[in-house]
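Hello,

Here is the structure I promised to pass on.

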Amino acid sequence: MPTDDLPETFHVTTDEQLRAVSNLTRHRIMAVLRFEPATITQIAERVGLAKGSSSYHVRLLERAGLVKVVRTRKVRGVTERYYAMAARSIALPDPGEGGPDVLMRHAVADLEASPADGERHVRMAHLRLTDEQFAELGERLQALADEYRELSDPSLPDASLVFALFHPRAHEQAVQTEQAAQAVQAEQAAQAEGDAK
């Protein structure tokens, strides 16, 4: 399905929309619809749901404005509806301090459900960056994700790219700094005690 006529981003702003995207099953349905339209039956087969469950979840997504009917066709007297995403991407609100990050929870669930023998690249790096370096890295990661999204071919197998660049909570940094300082003091005290003997 060409996505040129779709809005670039759908901004989740209401509680109904947030509830719709917070569900892992609906997240997986949206992943099916990301590149091409599908019927309720096709969605059910691809996500591994009963047709009734698939219909229920798609209706909730449609009511929230996240997916829409893009075409219909008659099959043996029944109208088949093809659903697609309402935009190329979805922007979630900031969860706020201590709030659940829906996107990261879904990403972890998808990673854990991926085939154990499949190729995957997972890495975590702890960095110390200036504000300028932090901003530049964020822009580069976003540009890389956008570049590869443009190269995506619906006929190829799915691949997910998730990144998170963030500053840990200041409290945790303060605790880590304090613990490191205490460890240095303890080591210095032990050395001084050893030197005194």
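Predicted model: local features only at pLDDT ≥ 70, side-chain atom pairs only at ≥ 80, totals over all residues.

Residues are numbered from 1 along each chain as its sequence is written, and side-chain values use heavy atoms, with hydrogens and water left out.

The helix pair comes first. Helices α2 (residues 24-33) and α4 (residues 51-63) have axes that come within 10 Å and cross at roughly 80°. That makes α2 roughly perpendicular to α4 (angles of 65 to 115 degrees count as such). From α2, the contact (heavy atoms within 4.5 Å) involves Thr25, Arg26, Ile29 and Met30, and from α4 it involves Ser54, Tyr56, His57, Val58, Leu60 and Leu61. By type, these residues of the α2 and α4 contact are 6 nonpolar, 3 polar and 1 charged (Ala, Val, Leu, Ile, Met, Phe, Trp, Tyr, Cys and Pro count as nonpolar, Asp, Glu, Lys and Arg as charged, and the others, Gly among them, as polar).

Next is His106, part of helix α5 (residues 102-113). With a relative accessible area of 7%, His106 is buried (under 20%; exposed is over 50%, with a 1.4 Å probe and protein chains only). Leaving aside residues up to four places away in sequence, His106 touches Val21, Ser22, Asn23, Leu24 and His27.

Finally, Arg76 sits in the loop between β2 (67-75) and β3 (78-85). Arg76 is exposed, at 80% relative accessible area, and its phi is near 50°, a positive value in a residue other than glycine. Most residues other than glycine have a negative phi.

Best wishes

How values were computed
Axes fitted to C-alpha atoms, helices over the stretch in contact; angles between N-to-C directions. Helix = DSSP H or I, 4+ residues; strand = E, 2+ residues; numbered from the N terminus. Parallel < 35°, antiparallel > 145°, perpendicular 65-115°, else oblique.
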